[in-house]
Structure formats: C-alpha cells, structure tokens
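Hi everyone, thanks for making time.

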Amino acid sequence: MSVIESEEHQALRAAVAALGAKYGRDYLTNAVSSGRHPAELWSEAAKLGYLGVNLPEEYGGGGGGIAELSIVLEELGAAGCPLLMMVVSPAICGTVIARFGTEEQKRAWLPALADGTRTMAFGITEPDAGSNAHRITTTARRDPDTGDWLLTGRKVFVSGVDTADATLIVGRTEDARTGTLKPCLFIVPRDADGFQRRAIDMELNASEKQFELVLDDVRLPRGALVGDEDAGLLQLFAGLNPERIMGAAFAIGMGRYALARAVEYARERTVWKVPIGAHQAIAHPLAQAHIELELARLMMQKAAHLCDAGDDIGAGEAANMAKYAAGEACVKAVDQAVHTLGGNGLTREYGLASLITAARVSRIAPVSREMILNYVSHQTLGLPKSY
C-alpha cells in the first residue's frame, strides 16, 4: 500500500469534487426541507460511474473497490452534499452480493445498484440488540411444505427504507445439528407481505429518514437467502467493514466541509486590524482539526486497502480504528468551525449549526466509539472482556 494517492485516485477526487461543487450544501438543505431524496445528484453520480465504482465490471460497475467509493463519498461530503445511501446500497449491500450472492442475485441487483436505478437498505440493529449482534432475535424458518423462508422480527434505525427497492435483513436460522442460532442475510422486497415500516421521529434533519421495521412471517423464496446458510458471520463482516470505512469517509467529508467554511471566515473576518485567522487562538485549533482529519484519512485508506485485498481480519481492526478517528476528528472540526464563527456559526446563513447534531452521528453510528475501544482493547491488545 502506497501512502501517496495514485494519479487515478487524484483524478477521481478532482472529478467528484467538481460534481459536488455543482450541487453544494444549499442543494442538500433544500432537499431535506422539502422532504425529498436528492435524486438529481444521485442520478448524475450514477451516470458518471461513481455510485458503482466499487462493483465488478462484468455487472456494470467500475471494477474498483471501497478505496474508490470512499473517495467519492468523502469528496461529496467535503462539498456539503454527502449521500448517506452510498454507505448502505453500493458499499454494504453491493459488496455482500458481489462476494456471496448467487449469479441470479448478482444479475438482478448489481447493475441496478451501479447505475442508481435501484437501491437497497440494510437492517441489522434491533430494539434489544444494539451493538450485541448475538442478541438478534429476527429469525428465519423453513416452510416444510414449500421450502420458502418465513422471516419474523423487528429492526430499528434502518435508513432509506421508503425509497429502497429492498432491504438486506440480518436474521438468524437454527442449526439443525446444534439447535443454536446463526446469522444469515436475506433480501426482502419493499412490497413483501408482512413487511411493515414506521418512520422514527428524529431531531436530526437528513434527506434519508430512519425507520422501525416489523417483519410478521414475511414469506421469501429460497433465492432470497444471500450466499451460504453456514457462512453468515463471514458474510456479515464482509458488509460491516465497508460500512465502517464509508462511515469514516462520511465523517471526514463533513469535517472538511466545516473546516473549509471556518478557514474562509477566519481569512476575511477582521476585528482588530488583521483577520482573526492571524491570531493563534483561532489559527491553531483549525490547524489541529486539519491534522486530525488528515490522520483519520490515512487510517481510512489503510482500512480500504485491506478490505479490497480481501483481508477481512486486518480490515476489521483498521476499519474500526478509521471510524473512531474520523468520528472524533469530525466532531472537533465542526465544533471548532462553529466556535470560529461565533454567533454567525449558529445562523442559517452560514449553515454550520445543523452539523453539530449531524457530527454526533459519526461517534454513534454505525458503531459507537465505546464498542470500538472494546474491540481494540480485547482483539488488538489482548485484554480480557468486560462483557
């Protein structure tokens, strides 16, 4: 892995940055206020090949990996118009189907995910099983007469279900030999009987709404199961590593956007004869924020490299570290940006105040910083578990 970005990656960054500048934060803010999906940006990003840049070429993708997709999301975020569903649809669901899906599933989904005509949501979190995947109670059982699957359970904080064509649901099936439950992944169409959704009333303003799902004996054909019934954990982690890497890209992009607004303001705002950015009390915290964002990006790039190389174990550690570092850097960058602008930082005109809430998400989702510290402490450092 080179720590210097290739010319191809630099060109991709520049091209996506140009697309982001065309839309910007005002576009995304207007989409949120009107309650609509940022369809124009999604469609143009798809036409330019950005949404499917990580998917296999034989299925309409760009043949790249999470390294390229994370660049796309970071640069859109830095322009103020990140697309959250990129974390879910091409990154998690696209990766899982590309690696483990049947040929029928790949042909049905990957070209459409790549060209943006279809999207897929991802449901793993449950009301009583937040960070503890072993407590997932959504279960799938076979209909002995037809061989169909019957899926029952609940999910919460599932993004974009109202616009997604299907949801990749993490359930559990019973091992016939041991009686224990093992994780499995199922593609559940939006209009499946017994598949209900309820919007969660969020303080966070985002174009992608959050939902609680109820699955009441949702009948699925045999072909709804993704991959091997006995390889659930492997398949699950194959989706969670890209999720954490893309979460880091989302956070880094947001932090860069906030920092750029603060730097611009600090160059122009003059109170005591010189711009306020000339004062170290203003300049140094902004410089620190920049350094921490750059460091987080390095770890994100390492995680993406390991992920694309197929090193799921190494990528797991690096992806968690990248997500932790990016979340911390994002929160600090947004906080310092608002503080740099003073009262103006809380006005709608400058558009930074809403990022205070949004930045907190980078510390919470898709996995909390405390659970990442748990992972590093016992997986990397070999310390005993407390749970």
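Let's begin with Arg 118, which lies over the face of Trp 109, 3.7 Å from the ring centre. By "over" I mean that NZ of Lys or CZ of Arg is within 6 Å of the ring centre and within 35 degrees of the ring normal. Arg 261 does this too: its charged end sits over the ring of Tyr 257, 4.8 Å from the centre.

Quick housekeeping. This is a predicted model, where local features need pLDDT of at least 70, side-chain atom pairs count only at pLDDT 80 or more, and totals for chains, interfaces and linings use all residues. Residues are numbered from 1 along each chain as its sequence is written, and side-chain values use heavy atoms, leaving out hydrogens and water.

Now, how many aromatic pairs does a search of the whole structure find? Three. Rings of Phe, Tyr and Trp (its six-membered ring) pair if their centres lie within 6.5 Å; planes under 30 degrees apart are stacked, over 60 edge-to-face, and the rest tilted. One of the pairs is Tyr 23 with Tyr 27, edge-to-face at 4.8 Å centre to centre and 65° between the planes. Both sit in helix α1 (residues 7–33), four residues apart, about one turn of the helix. Helices here are DSSP runs of H or I, at least four residues, while strands are runs of E, at least two, all numbered from the N terminus.

Tyr 265 and Tyr 350 are also edge-to-face, at 5.7 Å and 85°. Tyr 265 is in helix α6 and Tyr 350 in the loop between α8 and α9 (353–364), so this pair ties together parts that are 85 residues apart in sequence. Tyr 265 is buried at 10% relative accessible area, but Tyr 350 is partly exposed at 30%. Buried means under 20%, exposed over 50%, partly exposed in between, using a 1.4 Å probe and protein chains only.

Next, helix α8 (residues 312–341). 22 of its 30 residues are buried, so α8 is largely enclosed by the rest of the structure. Just after α8, Gly 342 takes a positive phi of about 65°.

Cys 93 is buried at 0%, and Cys 307 counts as buried at 10%.
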